[in-house]
Amino acid sequence: MDADVPGTVLKRERTRDAVLELIESRSPGDAIPSERALCSLLGVSRPTVRAAVDELVAAGLLVREHGRGMFVAPAKITQELVAGDRSLTVPQAAGAWSSRLLEFTTLQAGARVGRKLRMSPAAEIVYVARLRLVDGAPMAIEHLHIRAELVPGLSAQELESGDLYEHLRATHGVHVHEAVQAIEPTVVTRAEAKLLDVPELSPALLFERLTSDTLGRPVEYVHSLYRGDRYRIVSRLALGPAAEVAPDREGHHPGIPPGDFAHGDAITSSTRGDIQTGA
């Protein structure tokens, strides 16, 4: 890991991704290096490694066994939720949504993000961490990884105001078309709890999304953490043909900023594990 990676949020993010890379290269039940070994391997402090490991244990990806070490957790059960035409209509969330930037920088994709975006690990991405608010109250933390070549001159203003996908279309000529999104339950870490104004280990929903454009190119990889006490998912599934209705262009899709998806394009969604949502 680069020793000069800027920002506390980004350092935690890169440490988490590095440990995830180790997990994904192993099989369930395999051991991973100790926290001390990970500190040396990644060039980061013990608290940073501990925070990343705690998050992955809470997410069910790692298992700690006292006196033995850390092991890759058993594989999760995956169930796909789609309608007959392989599209999923997602109701929009109410409230006035806004964003506050936590970090905004350009850096190399790295192995894991590069693999997801089908690009070289040495290629550049725009990394964005932002706090999403509803009516001024913190609701979610988003980590965006966008192919830098597609968004030259992407500005902080575009990331804080308006519709990001509208900015991508109008300013950068990028037309997002399809997203594959997974949702699973988790809990918040101490740092995440502070940003979301909730107690540590509060329930949350983890969204992981890969978005492609009309040419089939991966545009962004995003993972977002939504408050479990304020956010719930209601899926409206098409079970048969119906009369065409003009789409509602107001509001916010769960986990997905308004944009091309709000204009009627298909969303493919898969859910891993059991989802626990707050009322």
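User: How many nonpolar, polar and charged residues are in the lining of the largest cavity?

Analyst: Quick note first: this is a predicted model, where local features need pLDDT of at least 70 and side-chain atom pairs count only at pLDDT 80 or more, while totals for chains, interfaces and linings use all residues. Residues are numbered from 1 along each chain as its sequence is written, and side-chain values use heavy atoms, with hydrogens and water left out. A cavity is a set of points on a 1 Å grid over the protein atoms alone where a 1.4 Å probe fits but cannot get out, and lining residues have an atom within 4 Å of a point. Counting Ala, Val, Leu, Ile, Met, Phe, Trp, Tyr, Cys and Pro as nonpolar, Asp, Glu, Lys and Arg as charged, and the others, Gly among them, as polar, the lining has eight nonpolar, five polar and five charged residues.

User: What about the second largest cavity: which elements each supply at least two residues of its lining?

Analyst: This one has about 50 Å³ of space. Its lining includes Arg16, Glu55, Leu56 and Thr186. The elements each supplying at least two lining residues are α3 and β8 (176-187).

User: At what angle do α2 and α3 cross?

Analyst: Axes are lines fitted to C-alpha atoms, for helices over the stretch in contact (heavy atoms within 4.5 Å), and angles run from 0 to 180 degrees between N-to-C directions. The axes of α2 (residues 35-42) and α3 come within 9 Å and cross at roughly 115 degrees.

User: Is α1 oblique or roughly perpendicular to α3?

Analyst: Angles under 35 degrees count as roughly parallel, over 145 as roughly antiparallel, 65 to 115 as roughly perpendicular and the rest as oblique. The axes of α1 and α3 are 9 Å apart, at an angle of about 55 degrees. That makes the arrangement of α1 to α3 oblique.

Note on methods:
On a 1 Å grid over the protein atoms alone, a cavity is a set of points where a 1.4 Å probe fits but cannot get out, and a pocket is an open set with protein on both sides within 12 Å along at least five of seven lines; lining residues have an atom within 4 Å of a point. Grid points are joined across faces, edges and corners, and a volume is the space filled by probe spheres set on the points. Helices (H or I, at least four residues) and strands (E, at least two) are DSSP runs, numbered from the N terminus.
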